[in-house]
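The entry comes first, then the details.

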Amino acid sequence: MKLSKRALSINPSSTLAIDAKAKKMKAEGVDIIGFGAGEPDFDTPKHIKEAAVEAIKEGFTKYTPASGMIELKQAVCEKFKKDNGLSYSPENIVISNGAKHSLVNTFQAICNPRDEVIIPTPCWVSYPEMVKLANGKPVLLKSTEEEGFKPTIEEFLSAVTDKTKAIVINSPGNPTGMIYTEEELRAIAKLAVERKIYIISDEIYEKLIYDGFKHISIASFDDKIKELTILINGVSKSYAMTGWRIGYTASNEKIAKIMANMQSHATSNPNSIAQKAALAALNGADDIIDTMVTEFIKRRDYMVFRINSIKGISCIKPNGAFYVMMNISKLIGKKIEGIEIKGSDVFADVLLENANVALVPGSGFGSDIHVRLSYATSFENITEGLNRIEKLLETVI
Ligand SMILES: Cc1ncc(COP(=O)(O)O)c(C=O)c1O
């Protein structure tokens, strides 16, 4: 029997193959150093866990409104006011099962068949597949390391057609850690308003920002761009809560309503206990963020220094999130342990097999001359992993 063409068009996560191999080797007792983590290596703070325990004890274990409980929506509105200078009311907010779910809802809500969605690359692997799932057409807009992994406004302009429905902005970004400046965001906002294009602004790494950069939400410039922006955020990365699965959107009321309707038939409410935990996170102290930022800066600085002192590889310094895009272009065409490095997949495989270091090939992000290293792992692991990379690269011919 024939299966859904749309479902069949979805690529498996590119990170999966190497991850599965690394896990298998680890299970066999191989000492693997993993640079693949997409989540903070910190525990969820105690007061957040306690709020969840309290929720269970007091019997907060039933359905909530499908688009989330009102107290949490109010806390999200307060967060937007405090952090982003944005005024929303609960009618603008939809609480979902993680920011990933918020993004899926968003594309489902706005896309008609063949609507184009511009996605700057290197990009997070899920965006293009989510657009395809919504019957839209992902338009991948390349950017180079020299551009700081950000397309110029001219490049954005040249990608716009009369079918363009939305532009995805992810700042700070995964996998590059880059941040758009206010000037760049204003130019993109102007383009969006002039051409009536939605902006999907994924701000999940908002709090993980370094070097004096300040996070600016594109929706905050004026009411026109606010009306066109669907803002994505959540508690996963800021509060070390990836497993709790709480994300949220802020959008105009019409879009929020459509997403709430869809969600009511697809998943109903996000987990009631996790919602209580997210409420405690948003209303509580931000100590965890300060701790993570201090530690991430230390690790990033060391990783960037080490990479740039090893022959054959290099990287630019990212200003946010917890990833470094390592350039391997000088190794392409060379041989390591007798194997020709044709691209990032082969490099990642050779590294795993011969140095027992796992990282993510850039092919899935849209750049085959890069690999992604996460520094959401201990300083000791970073040191040992880079030692191993250095040693292996001494054998390059
Ligand atoms: C850019 C980006 N957006 C969204 C998400 C999804 O986060 P959540 O855990 O809230 O689904 C991730 C997770 O890796 C991400 O990197």
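## Second largest pocket

The second largest pocket holds about 200 Å³ of space. A pocket here is an open set of points on a 1 Å grid over the protein atoms alone, with protein on both sides within 12 Å along at least five of seven lines. Points are joined across faces, edges and corners, and a volume is the space filled by probe spheres set on them. This is a predicted model: local features need pLDDT of at least 70 and side-chain atom pairs 80 or more, while totals for chains, interfaces and linings use all residues. Residues are numbered from 1 along each chain as its sequence is written, and side-chain values use heavy atoms, without hydrogens and water.

Lining residues have an atom within 4 Å of a point. For this pocket they include Ser309, Lys311, Lys330, Lys334, Glu390 and Glu394. Ile310, Leu331, Leu393 and Val396 also line the pocket, as does Gly312. The lining divides into four nonpolar, two polar and five charged residues. Ala, Val, Leu, Ile, Met, Phe, Trp, Tyr, Cys and Pro count as nonpolar; Asp, Glu, Lys and Arg count as charged; the others, Gly among them, are polar.

## Ligand site

The ligand has 13 residues around it, and Ala99, Asp202, Ser236, Lys237 and Arg245 come nearest. To count, a residue needs a heavy atom within 4 Å of the molecule. The shell splits into five nonpolar, four polar and four charged residues.

Which side chains make polar contacts (pairs of N or O atoms within 3.5 Å)? Aspartate 202 places a polar side-chain atom 2.6 Å from a ligand nitrogen atom. The protein covers 93% of the 400 Å² of accessible area that the ligand has on its own; areas use the Shrake-Rupley method with a 1.4 Å probe.

## Cavities

A cavity is a set of points where a 1.4 Å probe fits but cannot get out. Three cavities reach 30 Å³ or more.

## Cysteines

The structure holds zero disulfides (cysteine sulfur pairs within 2.5 Å). Cysteine 77 is buried, at 8% relative accessible area. Cysteine 315 is buried too, at 8%. Buried means under 20%.

Methods: Buried means under 20% relative accessible area, exposed over 50%, partly exposed in between (1.4 Å probe, protein chains only). A polar contact is a pair of N or O atoms within 3.5 Å; within protein, one must be able to donate a hydrogen and the other to accept it, and residues adjacent in sequence count only if both atoms are side-chain atoms.
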